[in-house]
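This report goes through one protein model, from its overall make-up to single residues. Please keep the sequence and the structure in view while reading.

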Amino acid sequence: MDRFDPRGRVNRALLVGVEEYEHTQPDDPEGVPGQLPAVRHNLRRLEGVLRRGGIFGAHGARNGDGGQGDDGGQEDGGGQEDGGGQEDGGGRDGITVLRSPSLDQFSEALRTAAQDAEGLLLCYFAGHGAVPSAGNELFLQMRNARVVAGGRAVFPGADAFTGVLTVLAGSQAERIVVILDCCYAGNAAKVWHDFADRRHRILLLMSVQANRLIDSGDGTRATPFTEELVQLLDIDEELSFVELSDQLRGQMAEAGRRTPLGDLWEPQSAAEPGMDVLLTAREDGWEDGRKGEQEDGPEGGQEQDDGLEQPSPTPSDPAQSSEEPAPSAQSSEQPPRTEPPDGRSGSEPAAGTGSPFRFLVDLLAALRARTRAVIDWFAGLRTRTRVVVSTLLALALAALGAGGYELVGPGGGHSCAPPLELRLLTDPDLEPTVRAAADAYLTSRANTTGHGCRRSGITVYSAGATATVTALRRESDAWQEPRVEDTNPQRDVGPQPDVWIPASGTGAARATTDWTARSYVELHPDEGPFVYSPVVLAVPQDLAGARLDERVGLTLSRLTANLTKQDRNAGVLRPDPEFTDSALLATIGLYGSTTDSRAAEQRVRPAGPPSPTAAALLCALPADRAADGRTAALVPEFLLRSGVGCARKTRVPRTAEYPVDVPALTPTFVRVRWEGGDRDAAARDDAVGRFRTWLTGEDGLAAFAAAGFRSATESGHRLLDTDHVGAGVLRGPSPLPGAAHRTEMEDALTRYRSAHGPGRVLYLLDSSGSMNTRWLGPSGGPGILKQSLGGLGAQDDYGVWAVYGAGGDRSHQELLPYGHHRRADAERVVDTEARVRDAEADPHAALLDALDDMAGRGNDDQRPQLIVYITDDEDNNRLTGKNLDEVLARARKAKVPVDMVSLVSGSCEADRPDARIAEASGGRCLDAGDDPGRGLRDEVARVGTGEH
């Protein structure tokens, strides 16, 4: 588990609560549902607990983080009517409270907090939330929010959550935590999921599942969700985001809370597997300053004293005030500046005044401002992880030396010049190990001068393997100078690397062939890999082969056949072949000698989008206990030794089986040189050479040995660390496969794209009379259908049938003809043409027609296909006996997956018609208990090419 401890860092918390709205119903038809008096209590309670929590405020200040002491002063009490947008809570310690802000005020405060945070950035919102009918976005409604029915800007005065995440993702913060207490909060998960390459630092806590309203309480105390949240945070021990999320769900369930729809009220969370952050860490013996804080009483809002300092009120409109507005989140490392009498900048001491200490503080502040531009440049790139090691202290020492203040430090009386920064790009599966090696190199003797200064720093980041090869092969010009939006490797991959370490050495060969235009990059790969790891089938221990000959020397198809003999419901999953080399190598073995790549893909078809990395796949499996026990995973062997961040949650031990037809990982050191990059070529070559020598030597290989890699050069590829063999790993399996050929990888990628290229989807929307109560809103039949259209792009073909009529010649009516459609056009047809009919439905006849239709369309290619049937199951009495048997037989023959989407809970239980049809066709069954809107959106996204 990668749990970040932000104590001693520059942390920021932005607490936003909208209790008062300018436009409310029924007085204003375009207003929000009403005022939210409980939000006032939310802000007071949460602000107090964060100040006492050891991360923000005085208690969180370590190593000069600017604390104010334990006495704390008095709290503002929340009783001042400011007309909206008041900032209080004392930006001096990193906590900003924004009460009923306008959209502009919220946007400015959000940008400020994002810019200032370097450790933990926490953003909390409580207020009204809204979603469009398609449910594909969440809007946070500020004080001046309106709802314009049918307008293009449906929610003026509200901020789209996509925009909020965009601002937050640009922050330098190590971890970003977003907490939403509003209706439809769970719809934010879809937005977070779409931030595929920028969400790795963002952890999201949502008060309720998608497409659900929530109760705001009676207004005399905090809202139910925040009440539980504050109680959990207000403890005298460490509590992390993951622990908080789990405990919140448990407490809400134990309290028996339900949404207005009557289902369980279940807070949701979203974070990359293994990612965590400490949220509270009050130390024993600290005076918590609560001074007898009590629950908000039923008498209607008497605020209790939290022992917090009384902030000076800030005008809601700074332009109308002659006073300087208080800063919303001032860095605790940089004391407030005042203008000197002579009018010069506060960062430069006046002649004859000040002290060397004051000069040092001001100089550090100036250097921090200058270097932020460089840091922001890195932050604007879509890199997955950065290890920026150019130290601010080294810059300060160099500058101080030039200014006449010589400090004696590690350099033995010598000032250290800023070290040269190397950029290292690697495969996402390798990134944690490469980063560990780079961290060790930074402080090694090989990277230290005789004066104790660092020779170089290293920025380690990763990007999708296929995107990297494509950028090096065809987009080196655009990498240096992006000219169009569609082709921008700086955004999609990262900065131009000095070193590239692909997981397969074949990657370098792929990147240096078939150049279609002038190349501005030169690749110089080593002659061979420096470490080795086979791709294995990680099988649940109870299903693994007992004998050695059942684990080695067999093809992947034989190993998977043996697996299904142990359990006919057993399955195999593989990460995204577009994203990591290990998944593409697994795909080579998956296709084997078959020519039907679509059928092969069906055997590893996940319930939603494929996991991006092998570690993410292993972390996702324990979420479903039953699936975890019967699912094997195609992953690099080293992960079974080093484990992954979620190892403590892994329920099922796994055993490695070694397919002979899946090529191995062969990480290779590649020097990358760029045209025009010769100004410091000699120094950069020297720095790269030193790092290469160290990395491929005994010291560098230690990190790979600890992670579970094997020797790339010794016979039999022995483990680098033979004293610690991972559970389920064979010490010396034989035979082991070699590296992949370039043509093997290219062919597998082409076939994968063909099988996952433009898709075909046929929607069947139950339009019988019983659907009347399950028709409107984002959780109704048309709403769920429209949500899923985001997974389809301009190259996909799809159509919509309205299913109604029983006993006649036709079981359906065509609403949207089969073909290419713009999403807006398709939604308009559904909105205007789809309606409930005064008739019953015949699912038996409709499904047979749909299976025949789709089977006929897929005769000449391997394009992915899907049938989606959205229903309330009211007419399932026509899916029994011979009728059901006929549908099941046709589904097995047509080999077209059918996703049965039921708006009724329990429809996917074993032996129900929906579940049996989905299983027979290779599709998925979703019912009201599974959040069918989100599940179907993921299913369609797997088949379609997506929006562009």
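## Overall make-up

The model is predicted. The protein chain holds 28 helices and 28 strands. Of its 948 residues, 56% are buried.

Contacts in the chain can also be sorted by separation in sequence. Among those between residues at least 6 apart in sequence, 77% join residues at least 24 apart.

## The six-strand sheet

Six strands make up an open sheet with mixed pairing, in the order β25-β24-β23-β26-β27-β28. Its edges are β25 (812-819) and β28 (925-926); each has a single partner strand, so one side of each is left without a neighbour in the sheet. Within the sheet, strand β23 (residues 760-766) runs parallel to strand β26 (residues 865-871), and six bridges join the two. In this pairing Val 761 is opposite Leu 866 of β26.

Helix α23 (residues 781-788) packs on this sheet and touches β23, β24 (797-803) and β26. The direction of helix α23 makes about 170° with that of β23. Another helix, α28 (residues 932-943), lies across β23, β26, β27 (898-902) and β28. Relative to β26, helix α28 runs at about 165°.

## The three-strand sheet

Another open sheet has three strands in the order β6-β7-β8, with antiparallel pairing. The edge strands β6 (129-130) and β8 (158-160) each pair on one side only. Two bridges link β6 to strand β7 (residues 139-141) in the antiparallel sense. Ala 130 has Phe 139 in β7 as its bridge partner.

Helix α3 (residues 161-169) packs on this sheet, where it touches β7 and β8. The angle between the direction of helix α3 and that of β8 is about 65°.

## A buried strand

Is strand β13 (residues 275-280) enclosed or open to the outside? Six of its six residues are buried, so strand β13 is largely enclosed by the rest of the structure. Strand β11 (residues 239-240) runs antiparallel to β13, and two bridges join them. Ser 240 has Leu 278 in β13 as its bridge partner.

## Salt bridges

Side chains of opposite charge can pair when their charged atoms come close. In the whole structure, 44 salt bridges are found. One of them joins the side chains of Arg 654 and Asp 628, with an N to O distance of 2.6 Å. Arg 654 belongs to strand β21 (residues 654-657) and Asp 628 to helix α18 (residues 625-630), so this pair ties together parts that are 26 residues apart in sequence. Arg 654 has 10% relative accessibility and therefore counts as buried. Asp 628, at 1% relative accessibility, also counts as buried.

Another salt bridge lies within a helix. Asp 853 and Arg 857 form a salt bridge in which the closest N and O atoms are 2.8 Å apart. Both residues lie in helix α25 (residues 843-857), four residues apart, which is about one turn of the helix. With 25% relative accessibility, Asp 853 counts as partly exposed. Arg 857, at 30% relative accessibility, is partly exposed as well. Asp 549 is partly exposed, with a relative accessibility of 46%.

Asp 427 sits in the loop between β14 (420-426) and α9 (431-442).

A polar atom of the Asp 427 side chain lies 3.1 Å from the backbone nitrogen of Asp 581. Apart from neighbours within four places in sequence, the residues in contact with Asp 427 are Ser 462, Ala 465, Ile 501, Ala 503, Phe 579, Thr 580 and Asp 581.

Definitions and conventions
Residues are numbered from 1 along each chain as its sequence is written. This is a predicted model: local features need pLDDT of at least 70, side-chain atom pairs count only at pLDDT 80 or more; totals for chains, interfaces and linings use all residues. Side-chain values use heavy atoms; hydrogens and water are left out. Buried means under 20% relative accessible area, exposed over 50%, partly exposed in between (1.4 Å probe, protein chains only). Two strands pair if DSSP finds at least two bridges between them. A salt bridge is a side-chain nitrogen of Lys or Arg within 4 Å of a carboxyl oxygen of Asp or Glu. Contact means heavy atoms within 4.5 Å. Axes are lines fitted to C-alpha atoms, for helices over the stretch in contact, and angles run from 0 to 180 degrees between N-to-C directions. A polar contact is a pair of N or O atoms within 3.5 Å; within protein, one must be able to donate a hydrogen and the other to accept it, and residues adjacent in sequence count only if both atoms are side-chain atoms.
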